[in-house]
Amino acid sequence: IEGWRVEEHPRGDRAAWLELRQHDVTGSDAGALFGVHKYQTLRRMARQKAYGEVEVQSADMRRGKIMEPAVAEAIHLDCGWRPERRETYLRARAADDLVRLGSSLDYMLRVDARELAEHPKTRATAAAAEWGERTGPLVLAVECKSVDWDVFEKEWSSGPPDYTLVQGATQALLAGADGAIIACLVENRAKELYLYLVPRREDFELALIEKVREFWRAFEAGEEPRVI
């Protein structure tokens with residue numbers, strides 16, 4: 001992408017963070033561009049960009065923030081890998097002013113490719129087989145999730161929901177990482193940890209950038225977002 005650059009901003013000031021998000025399609029919302037988001041829609045996202053986000057912290061959002069360090073600790077306990085806390089916001093810009101994409105980045109993980117590929121929690125995946133052919137370390141964005149057992153059985157039985165995969169892939173793109181790990185801690189008695197690997201895919205990233213560009217083009221033209 002011509003003139004592509006990524007800016008990194010600290011997330012210490014919540015008001016400043018919300019202001020940054022106001023001008024971007026964010027990783028947490030990007031699934032709406034593909035019509036796969038559980039909570040977000042293009043219409044709702046356009047309204048938020050036009051009028052500002054109302055800062056409402058739902059019970060699930062509050063729980064998610066509280067549980068993020070627990071998910072990182074579970075990765076260390078179960079796998080021996082120590083995710084690094086980042087607390088940054090990444091913003092992508094390009095020569096094309098309609099490329100406005102951003103994502104919060106909470107953790108990064110540096111891990112040996114062969115060790116990741118051979119670990120019991122990850123080895124039975126296509127991504128592990130792909131990365132296992134590499135030598136040396138992988139640098140991965142880590143997206144931490146915590147869900148109730150009944151939600152896990154209903155929505156995660158075949159893998160992470162699509163909008164979560166989009167979020168992880170967006171973070172990997174903006175972080176310049178080799179890929180992402182979606183780490184899901186199930187809130188049952190055993191606090192089971194499930195790890196899902198998300199490799200970088202050029203076709204997805206090109207489609208994402210094009211959909212971001214189209215969202216902002218339509219937004220600035222005052223067009224009603226399509227229903228998908």
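Me: What makes Gln22 count as buried?
Reply: Its relative accessibility is 13%, and buried means under 20% relative accessible area, with exposed over 50% and partly exposed in between (1.4 Å probe, protein chains only). So Gln22 counts as buried. Keep in mind that this is a predicted model, where local features need pLDDT of at least 70, side-chain atom pairs count only at pLDDT 80 or more, and totals for chains, interfaces and linings use all residues. Residues are numbered from 1 along each chain as its sequence is written, and side-chain values use heavy atoms, leaving out hydrogens and water.

Me: Which residues does Gln22 touch, not counting those up to four places away in sequence?
Reply: Gln48, Lys49, Ala50, Gly52, Glu53 and Trp216. Contact here means heavy atoms within 4.5 Å. Gln22 itself is found in helix α1; helices (H or I, at least four residues) and strands (E, at least two) are DSSP runs, numbered from the N terminus.

Me: Where in the chain is confidence lowest, and where is it highest?
Reply: Lowest in helix α1 (residues 14–22), with a mean of 87, and highest in helix α7 (residues 162–175), at 97. That score is pLDDT, the predictor's confidence in each residue, from 0 to 100. The chain averages 92, and 97% of the residues score at least 70.

Me: Why is the pair of Phe152 and Trp156 called stacked?
Reply: Rings of Phe, Tyr and Trp (its six-membered ring) pair if their centres lie within 6.5 Å; planes under 30 degrees apart count as stacked, over 60 as edge-to-face and the rest as tilted. A search of the whole structure finds nine aromatic pairs. In this one the centres are 6.3 Å apart and the planes are at 15°, so it is stacked. Both partners are buried: Phe152 has a relative accessible area of 6%, and Trp156 is at 4%.

Me: What kind of pair do Phe152 and Tyr194 form?
Reply: A tilted one, with 4.6 Å from centre to centre and 35° between the planes. Phe152 sits in helix α6 (residues 149–155) and Tyr194 in strand β7 (residues 193–199), so this pair ties together parts that are 42 residues apart in sequence. At 27% relative accessible area, Tyr194 is partly exposed. Ring pairs also link Trp149, Phe152, Trp156, Tyr194 and Tyr196 into a cluster.

Me: How do you know that the charged end of Arg100 sits over the ring of Trp216?
Reply: The rule asks for NZ of Lys or CZ of Arg within 6 Å of the ring centre and within 35 degrees of the ring normal. The charged end of Arg100 is 4.9 Å from the centre of the Trp216 ring. Likewise, Arg11 lies over the face of Trp17, at 5.1 Å from the ring centre.

Me: Is Ser103 buried or exposed?
Reply: Buried, because its relative accessible area is 3%. Ser103 is found in strand β4 (residues 101–112), and the residues it touches include Gly27, Thr88 and Leu174.

Me: Which residues have the most contacts inside the largest nonpolar core?
Reply: Val25, Leu33, Leu101, Leu208 and Phe215, in a core of 37 residues. A nonpolar core is a set of buried Ala, Val, Leu, Ile, Met, Phe, Trp, Tyr and Cys residues joined through side-chain atoms within 4.5 Å. Helix α8 gives the most to this core, with six residues. Apart from it lies another core, of 26 residues, among them Ala72, Cys79, Val111 and Ala117.
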